[in-house]
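Hi there,

Here is the structure I promised to pass on to you. Have a look at it first, and then read on for my notes.

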Amino acid sequence: MEKKISIKNNLAIDIAACAIWSLFVLIVSGCTVSLLNPLKIVILLLGFAGFSYVIFKNEGTDRNARFIAIVTIIAIAIRTFYVLYTGTTQRQHDMGEFEVAHGMNYHSEYIEYLLNNHKLYGENILEHWQFYHPPFVHIVSAVFFGIYRAIAPSMAHNWDALQCLSLFYSLVTLAVLKRFIDLWNLSSEGKSLAYVVFAFLPQFIVFAGALNNDPLSVLFAIAALYLTILWYNDARKPFAKLMGISVLIGLGMMTKLSAGLIAVPIAFLMLKAFFESEKKAKYFWQYPLFLLVCAPLGLWYQVRSLVLWNVPITYVAVPDYEYSPGLLIAEMPFWKRFLSFGDGVDYNIISETLNEAVFDGEYYRKHMVLALIGYLLLSAFTVFTITILANFIAAWVKDRNLMNLVMTILLVSQLASYVYFCYSYPYTCTMSFRYIVPTIVAGAYYTGKAVDKSPRLLALITKIVVYAVAIFSLALYAFAWHLEVSGVYH
């Protein structure tokens, strides 16, 4: 696919480094700024300086490598800082509050129940909102916090410690995405531009502190697609890599069922490998084994719910619109969900998704400076989205290849499923970029292609808006802590 390349086998080292840094942040700060003092701040800064030095030295000595290293360091810094000033009840989705009874309906209660009872919840999940989700991230969180409070009993109520996990997921996602770029036939400048997209996408910064199942499910989905392309590019088509893909998809679905949508571009490559192969016989036993691992991992919890309470496999809990009637979107013509704009229009799928992509539900309108930065960020991100479409067309006109097709399948499958989801569940809360984060892989690909394949003016506009999004994203999430300190939202 595009070219056969040799990938250095150092992703495992990067994952270990991500784990070490995340644990270091937890040990020094408890993952909350409230536990920091001057000495701990100095230790944290010294640790980050050392970590940054290692990144800078290991990345390489040429200009592009140094640029990638600097971007990586800044990306890690903003994610870490975001975790420190974001608590378990701030900028979260469906988390509720730890150690507060909400009738067993939120992710926090899901984690606490597993932590305290060491078994799955035994009541009808139709009556307990977020408990319909498969439990992998909740199990990981419960086990992690159980170990944490056993080691540090005095911190047994510091639930912010769980953000050590979300920070780790976020950093590993960035590490995988950095290697994704090496699979694309891009110039050095194109690779740098694509990596900036990954490093400073607002949603990825927010994911560093998100305690629900989105960050881990996205990590598994992206890693599965990355490993699939490695497998396809390998002339041997090693069985171990194929089973690794199966496990990643299964774990992704055991984290959030929608992660299984990544199987669409993966299935395309698997079918292509089958029809291209001169030794098709091996696939007649390898592919069934693939499904034998993937399907039980990904669907056992849904099957359990179906057997115990007759819950449909694809069941999605809906919000209580009687309690919050503003969430319900009235029936309207199809075109209005895309073409209606203006004040009071909160049902436009395009505009609402763009808003969520940069703000994740928080618009920072109560602070004048942050509101201005947010406006500039949203404007830049909107133009960036338009350039993705333009660069998509340019890439297909000038450079038709298999990677273009794979990225197109990824993009179309994610967007088609998302539009169907928005129509099937007509609530304002269903319009969120966090449901289609894998689309940014295709977006970054076509952005990188713009450097070499798009008309000169389009390439220039693409570069400008990518760096504008990066700058405004950094500015917004570097200063959003002021809202907590100043008590704007308390």
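Let's start with Phe180. Leaving out residues up to four places away in sequence, Phe180 touches Ile222, Leu225, Tyr226, Ile229, Met407 and Val441. Please keep in mind that this is a predicted model. Phe180 also belongs to the largest nonpolar core, which has 156 residues; the members that touch the most others are Phe180, Trp184, Phe204 and Met407. Helix H9 (residues 214-233) gives this core its largest share, 15 residues. As general background, nonpolar side chains in soluble globular proteins tend to be buried together.

Phe180 and Trp184 turn up again in an aromatic cluster, together with Phe198, Tyr226, Phe392, Tyr445 and Tyr446.

**Asn404**

Asn404 sits in helix H16. Is Asn404 buried or exposed? Its relative accessibility is 0%, so Asn404 counts as buried. Its side chain makes a polar contact of 2.6 Å with the side chain of Tyr445.

**Aromatic pairs**

There are 35 aromatic pairs in the structure. One of them is Phe334 with Tyr423: the ring centres are 5.1 Å apart and the planes are at 15°, so this pair is stacked. Phe334 is in the loop between H12 and H13, whereas Tyr423 is in helix H16 (residues 402-424), so the pair ties together parts that are 89 residues apart in sequence. Phe334 counts as exposed, at 53% relative accessibility, while Tyr423 is partly exposed, with a relative accessible area of 28%.

Phe421 and Tyr435 make another pair. Why is that pair called edge-to-face? Planes over 60 degrees apart count as edge-to-face, and the rings of Phe421 and Tyr435 have their planes at 75°, with centres 5.3 Å apart. This pair also links distant parts of the chain, 14 residues apart: Phe421 is in helix H16 and Tyr435 in the loop between H16 and helix H17 (439-453). Phe421 is buried, at 18% relative accessibility, and Tyr435 is partly exposed, with a relative accessible area of 25%.

**Cysteines**

How many disulfides are there? The count comes to zero. A disulfide needs two cysteine sulfur atoms within 2.5 Å. For Cys164, the closest cysteine sulfur is that of Cys31, at 5.2 Å, which is too far for a bond. Cys429 is in no disulfide either, as the nearest cysteine sulfur, in Cys422, is 9.9 Å away.

**Ala317**

Ala317 is in the loop between helix H12 (283-309) and helix H13 (336-339). With a relative accessibility of 12%, Ala317 counts as buried. Which residues is Ala317 in contact with, leaving aside its neighbours within four places in sequence? They are Trp129 and Tyr132. The C-alpha atoms of Ala317 and Gln130 are separated by 7.0 Å, although these residues are 187 apart along the chain.

Helix H3 (residues 63-85) has 23 residues, and the distance from its first C-alpha to its last is 34 Å, close to the 33 Å expected at 1.5 Å a residue. At the start of H3, a side-chain oxygen of Asp62 comes within 3.1 Å of the backbone nitrogen of Asn64.

Helix H10 (residues 239-255) has 17 residues and should span 24 Å at 1.5 Å a residue; its end C-alpha atoms are 24 Å apart, which agrees. Because twelve of its 17 residues are buried, H10 is largely enclosed by the rest of the structure. Those buried residues include Leu242, Met243, Ile245, Leu248 and Ile249, and among them are also Ser246, Gly250, Gly252 and Thr255. The buried residues of H10 pack against helix H5 (136-151), H9, helix H11 (263-276) and H12.

Happy to go through any of this with you.

Best wishes

Notes: Residues numbered from 1 in each chain as written. Predicted model: local features only at pLDDT ≥ 70, side-chain atom pairs only at ≥ 80, totals over all residues. Heavy atoms only, no water. Core = buried A, V, L, I, M, F, W, Y, C linked by side-chain atoms within 4.5 Å. Buried < 20%, exposed > 50% of the residue type's maximum accessible area, 1.4 Å probe, protein only. Helix = DSSP H or I, 4+ residues; strand = E, 2+ residues; numbered from the N terminus. Contact = heavy atoms within 4.5 Å. Expected span 1.5 Å × (residues − 1). Polar contact = N/O pair within 3.5 Å; in protein donor to acceptor, adjacent residues only side chain to side chain. Phe/Tyr/Trp six-rings, centres within 6.5 Å; stacked < 30°, edge-to-face > 60°.
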